[in-house]
Amino acid sequence: MEKLTNRSVAVNRSPMTFGERIYLPAIAKGLTITLSHIFKKKATVNYPEQKRPFSPVFRGLHVLNRDEEGRERCTACGLCALACPAEAITMEAAERKPGEENLYREEKYAAKYEINMLRCIFCGYCEEACPKDAVYLSETVMPSNYTRKSFIYKKEDLLIPHPKAQDAK
Ligand code: SF4
Ligand code: SF4
């Protein structure tokens with residue numbers, strides 16, 4: 001029969017030698033490999049007790065920022081959603097009403113803002129695209145969870161606490 005590739009190997013069907021039949025040389029060879037690994041530096045760490053230092057360019061969970069007065073910076077311009085290659089960001093814009101100047105910095109704000117963390121690839125494009133310094137990727141590792149729904153982070157989950165609320169603590 002014609003060979004399909006030149007990678008085929010002929011199987012050795014000759015009878016086993018005495019050494020092969022008692023398996024001892026093969027066992028000794030295996031043990032030597034195992035023993036040689038005992039004294040090598042471990043490639044693993046005892047997580048979570050032991051943690052590896054993160055890279056200085058590590059990008060973790062998103063945060064929605066406030067200004068110095070505690071007002072939401074996001075103006076729901078949609079540039080982060082447009083820049084997102086994974087289409088992970090959705091939002092709904094709303095207009096600021098009179099009397100809400102202490103809550104939202106601009107006339108428009110995000111009434112809803114969601115990031116689907118199952119889609120996100122933590123590329124940081126949203127942070128780069130934002131003209132208002134409103135979204136950035138923190139150093140917090142995204143926690144694991146059991147349901148798909150819990151990976152949809154809403155505005156309330158992403159927004160940093162109001163500075164006055166922190167002072168009151
Ligand atoms: S980090 Fe990248 S993938 Fe994740 S939401 Fe931002 S732009 Fe989209
Ligand atoms: S986070 Fe920044 S880029 Fe995204 S909608 Fe808000 S202001 Fe625009």
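**Group meeting: sheet, ligand shells and backbone details**

Let me start with one pair: Glu92 stands opposite Lys112 in S3. Keep in mind throughout that this is a predicted model.

S2 and S3, the latter being residues 108-116, run antiparallel to each other and are joined by seven bridges. They are part of an open sheet of three strands, ordered S2-S3-S5, with antiparallel pairing. S2 and S5, the latter being residues 152-153, stand at the edges with a single partner strand each, so one side of each has no neighbour in the sheet.

Next, the ligands. Ligand 1 has 14 residues around it, and those that come nearest are Cys84, Cys120, Cys123, Tyr125 and Cys126. By class, the shell around ligand 1 holds 13 nonpolar residues, one polar and no charged. Ligand 2 also has 14 residues around it; here Cys74, Cys77, Leu79, Cys80 and Cys130 come nearest. The shell around ligand 2 divides into eleven nonpolar, two polar and one charged.

Now helix H2, residues 24-38.

On to the backbone. Which residues are joined by a cis peptide bond? They are Tyr47 and Pro48, with omega at about 10°. Pro48 sits in the loop between H2 and strand S1, residues 62-64.

Two residues have a positive phi although neither is a glycine. Tyr23 has a phi of about 60°, and it is found in the loop between helix H1, residues 18-22, and H2. Is Tyr23 buried or exposed? Tyr23 has 11 other C-beta atoms within 10 Å, and a residue with 12 or fewer counts as exposed, so Tyr23 is exposed.

Glu87 is the other case, with a positive phi of about 50°. Glu87 lies in the loop between helix H3, residues 79-83, and strand S2, residues 89-95. With 11 other C-beta atoms within 10 Å, Glu87 is exposed as well.

Terms used: Residues numbered from 1 in each chain as written. Chains lettered and ligands numbered in written order. Predicted model: local features only at pLDDT ≥ 70, side-chain atom pairs only at ≥ 80, totals over all residues. Near = placed C-beta within 6 Å. Nonpolar A, V, L, I, M, F, W, Y, C, P; charged D, E, K, R; others polar. Helix = DSSP H or I, 4+ residues; strand = E, 2+ residues; numbered from the N terminus. Buried ≥ 20, exposed ≤ 12 C-beta atoms within 10 Å, placed from the backbone. Pairing = 2+ DSSP bridges.
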